[in-house]
Amino acid sequence: MDTDQLIRTLAADNAHQARPVGVVLALSLLSAAPVSVVLFLTILGVRPDVMTAMHNPFFDLKFVVTLALALSALTVSLHLARPEAGPRGWIWLLLIPLGVLAAGIGSEMMLPQRLPMMTRLVGHNSRVCLSAIPLISLPLLVAALIGLRHGAPTRPALTGAIAGFLSAGLAATLYAAHCTDDSPLFVATWYTLAALAVAAVGALAGSRMLRF
Amino acid sequence: MREREDEWTGLMRAALMGDDAAYQRLLRGIAPVVRALARRGLARAGQAVDQAEDIVQEILLAVHLKRHTWDANAPFAPWLFAIARNKLIDALRRRGRRVFVNIDDFAETLAEEPAAETPSTREVATQLAQLPARQRDVLQSIAVDSTSIKDTAQKLAMSEGAVRVALHRGLASLTARLREK
């Protein structure tokens, strides 16, 4: 086939217009979300004292942090799905959840505490946290990668890592409703480690799956 | 150069609105520029420049399948060069060399005379032969025999819609095969 024939063929296929990456990514994540929710409800479930916990601002802060991570990663990943896009200027969005977390740690420090700092940081659920967040995030990570495949990321490993943060943020939002450790110190340590692990898996998978 | 880039942007906008003729003109316009890039990349990597046309076709396929990632409010050229650079690096890597393609090359190339067409293309034809029968027949009919979608539908006893689907799937799997080979 010579190039002129190819060009005519491509023009003949011009009627086929693909959906925007954002739409495909959203649909993909929405179809994986029930899997993660069921996974969460079967192996963990919401903590029994959730009604009283909701009055604790540090319990609520966990959701602000995890949703901030998911949303900033979503924005960055959609940006990176464009071939001409680089991480410059956008990657800083991922500092938003860290900023919220730092503010939370600061305000906890100013309040009188029953437990010493190290006890709050180590908490009771660190191992559950480190295994549950990656596990719940897996269906979402696969969905995010499938959605982003529809784009044209020229940095596949980086985009995969951001997809990892996106799915870890969503999974951590579920997990936060189970976990009884509400100290921002616990969140900063264990949630972050779990998210980094998912991002590493995402980078590895992305470097293969996201090439176009 | 500036003028040509503005023209590309206009043509791509029209193409996305459904103007097939504008799309064809755009592809014909970018082909020589992309060809010059491919030749330069091959020459730098110490490879024979007669493989350039295979790379040109891969780039055009990627432009086609990923055109929905172009933001119609942005200029077209930076998007095109990002796609071309990505495909060129991939193609050169597959040919066994680690290469670094400088983005400045793209700006330089634009100012140069477009290279003459090289007829030799093997890869697309090889992969085409290995597609599922229906996709292969439709692509063969439309691309090689230059039959219209309507006449292809009649010839293969398919609906026009089915021909369109097979055509698009064929182009997508052709691209996937070229990438994974």
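In chain A of this predicted model, residues 24 or more positions apart account for 89% of the contacts with a separation of 6 or more, two residues being in contact if their C-beta atoms, placed from the backbone, lie within 7 Å. In chain B, the corresponding share for residues 24 or more positions apart is 62% of the contacts with a separation of 6 or more. Residues are numbered from 1 along each chain as its sequence is written, chains are lettered from A, and ligands are numbered from 1, in the order in which they are written. As the model is a prediction, local features need pLDDT of at least 70 and side-chain atom pairs count only at pLDDT 80 or more, while totals for chains, interfaces and linings use all residues.

Chain A contains nine helices and zero strands, where helices (H or I, at least four residues) and strands (E, at least two) are DSSP runs numbered from the N terminus. Its pattern along the sequence reads α-α-α-α-α-α-α-α-α. Along the principal axes, the C-alpha atoms of chain A fill a box of roughly 75 × 35 × 25 Å. Of the 212 residues in chain A, 46% are buried; a residue is buried if 20 or more other C-beta atoms lie within 10 Å of its own, exposed if 12 or fewer, and partly exposed in between, with C-beta atoms placed from the backbone. Chain B likewise has nine helices and zero strands, and buried residues make up 41% of its 181 residues.

The largest nonpolar core has 109 residues, such a core being a set of buried Ala, Val, Leu, Ile, Met, Phe, Trp, Tyr and Cys residues joined through C-beta atoms within 7 Å. A:Ile133, A:Ala144, A:Tyr175 and B:Leu60 touch the most other members of this core. The element that gives the most to this core is helix 8 (residues 156–176) of chain A, with 13 residues. Apart from neighbours within four places in sequence, A:Tyr175 is in contact with A:Cys129, A:Ala132, A:Ile133 and A:Ile136.

Helix 7 of chain A has 24 residues and reaches 33 Å from its first C-alpha to its last, close to the 34 Å expected at 1.5 Å a residue; the expected span is 1.5 Å times one less than the number of residues. A kink of about 45 degrees lies at A:Leu138 in this helix, shortly before the proline A:Pro139, the bend at a residue being the angle between axes fitted to the seven residues ending there and the seven starting there. A:Arg155 touches A:Leu80 and A:Pro87, residues up to four places away in sequence not being counted. The C-alpha atoms of A:Arg155 and A:Arg82 are separated by 9.8 Å, at 73 residues apart along the chain.

Helix 5 (residues 95–110) of chain A has 16 residues and reaches 23 Å from its first C-alpha to its last, close to the expected 22 Å. A:Pro97, A:Leu101 and A:Gly104 are buried in this helix. Seen down the axis of helix 5 of chain A, the buried residues fall within an arc of 60 degrees, so they line one face of the helix; the arc is that of the directions from the helix axis to the C-beta atoms. The face turned away from the buried side carries the exposed residues A:Leu95, A:Gly99, A:Gly106, A:Met109 and A:Met110. Helix 4 (57–80) and helix 9 (184–209) of chain A are among the elements that cover the buried residues of helix 5.

At the interface, 39 residues of chain B are in contact with 28 residues of chain A. The residues on the chain B side divide into 22 nonpolar, nine polar and eight charged, with Ala, Val, Leu, Ile, Met, Phe, Trp, Tyr, Cys and Pro counted as nonpolar, Asp, Glu, Lys and Arg as charged, and the others, Gly among them, as polar. A:Ala11, in helix 1 (residues 3–12) of chain A, is buried, with 21 other C-beta atoms within 10 Å. Neighbours within four places in sequence aside, A:Ala11 is in contact with B:Asp20, B:Tyr23, B:Gln24 and B:Leu27.
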